[in-house]
Amino acid sequence: MAPITPAGDDPHQQLLDQLDLTLMPRPFRNSHWRPSQRRNKNIKQIVAEASRKEASVLATQNNSGSSTPHLQSSANATGSVTPLPGSAQVQSYITQAAQNLSTIVLERNLQASLSSGPVPTYTNIESAPSLHPAHQKHYCDITGLPAPYTDPKSRLRYHNAEVFQVVRSLPQGVAEKYLEARGAHVVLK
């Protein structure tokens, strides 16, 4: 059998040539692409913005309670409806209590954060260093270099074998002075 040769006037072959993606030009980048006009903020700017928002909320909470007058309805103002005894008074007590509660909570949070220093929260990245034992590095009591070893006899930390010889040659009482400087000495009463 003879192979089938495509004819130039075949409509099926013309459609395939028209839809062939390999013949279409493909630019590397979209010609309509523009860089974003939105500026990214660093973490310091985000924290500063959050603290400004918290201070603004505290200021508005302090001023919103007593200075805002309660509006009367038009029916009560004209006298066409007799008000229930004590209903407006109960509503004002509830409103005042809610405002006072939110003010107290905000004030206590503010006092706690100001008195004890920075408190680690999701909005505050300023926190004290970790006191977890896995995060504390040990340093040599003699040289101040990182100390992977501890002498079991004197409990002094040392950097290498050379420093270990110095630790073992220390006279009586000197090792206790090094431990005292580090704050690891034992005082018996």
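Partly exposed residues are those whose relative accessible area lies between the buried limit, under 20%, and the exposed limit, over 50%. Arg168, at 43% relative accessibility, is therefore partly exposed. The legends below refer to a predicted model.

**Figure 1. Salt bridge between Asp151 and Arg168.** The side chains of Asp151 and Arg168 form a salt bridge with an N to O distance of 2.7 Å. This pair links distant parts of the chain, 17 residues apart: Asp151 lies in the loop between β1 and β2, and Arg168 belongs to helix α5. Asp151 has 1% relative accessibility and so counts as buried, whereas Arg168 is partly exposed at 43%.

**Figure 2. Salt bridge between Arg182 and Asp141.** The closest N and O atoms of Arg182 and Asp141 are 3.0 Å apart in this salt bridge. Arg182 is located in helix α6 and Asp141 in the loop between α4 (87-115) and β1, so that distant parts of the chain, 41 residues apart, are linked. Asp141 is buried at 15% relative accessibility, while Arg182 is partly exposed at 29%.

**Figure 3. Salt bridge between Glu49 and Lys41.** An N to O distance of 2.5 Å characterises the salt bridge between the side chains of Glu49 and Lys41. Glu49 is partly exposed, with a relative accessible area of 28%, and Lys41 is likewise partly exposed, with 43%. The model contains three salt bridges in total.

**Figure 4. Aromatic cluster of Tyr149, Tyr158 and Phe164.** These three residues, Tyr149, Tyr158 and Phe164, form one aromatic cluster, and the whole structure contains two aromatic pairs. Tyr149 and Tyr158 are stacked, with 5.5 Å centre to centre and 25° between the planes. The ring centres of Tyr158 and Phe164 are 4.9 Å apart and their planes stand at 40°, so this pair is tilted. Tyr158 is buried at 12% relative accessibility; Tyr149 is partly exposed at 41%, as is Phe164 at 26%.

**Figure 5. Largest nonpolar core.** The largest nonpolar core comprises eight residues: Cys140, Ala147, Leu156, Tyr158, Val163, Val167, Ala175 and Leu179. Helices α5 (161-168) and α6 (174-182) each supply at least two residues of this core. Leaving aside residues up to four places away in sequence, Ala147 touches His138, Tyr139, Cys140, Arg157, Tyr158 and His159.

**Figure 6. Backbone at Arg155.** Arg155 is not a glycine, yet has a positive phi of about 60°. Arg155 is placed in the loop between β1 (149-150) and β2 (157-158). With 38% relative accessibility, Arg155 counts as partly exposed.

Methods
Residues are numbered from 1 along each chain as its sequence is written. This is a predicted model: local features need pLDDT of at least 70, side-chain atom pairs count only at pLDDT 80 or more; totals for chains, interfaces and linings use all residues. Side-chain values use heavy atoms; hydrogens and water are left out. Helices (H or I, at least four residues) and strands (E, at least two) are DSSP runs, numbered from the N terminus. Buried means under 20% relative accessible area, exposed over 50%, partly exposed in between (1.4 Å probe, protein chains only). A nonpolar core is a set of buried Ala, Val, Leu, Ile, Met, Phe, Trp, Tyr and Cys residues joined through side-chain atoms within 4.5 Å. Contact means heavy atoms within 4.5 Å. Rings of Phe, Tyr and Trp (its six-membered ring) pair if their centres lie within 6.5 Å; planes under 30 degrees apart count as stacked, over 60 as edge-to-face and the rest as tilted. A salt bridge is a side-chain nitrogen of Lys or Arg within 4 Å of a carboxyl oxygen of Asp or Glu.
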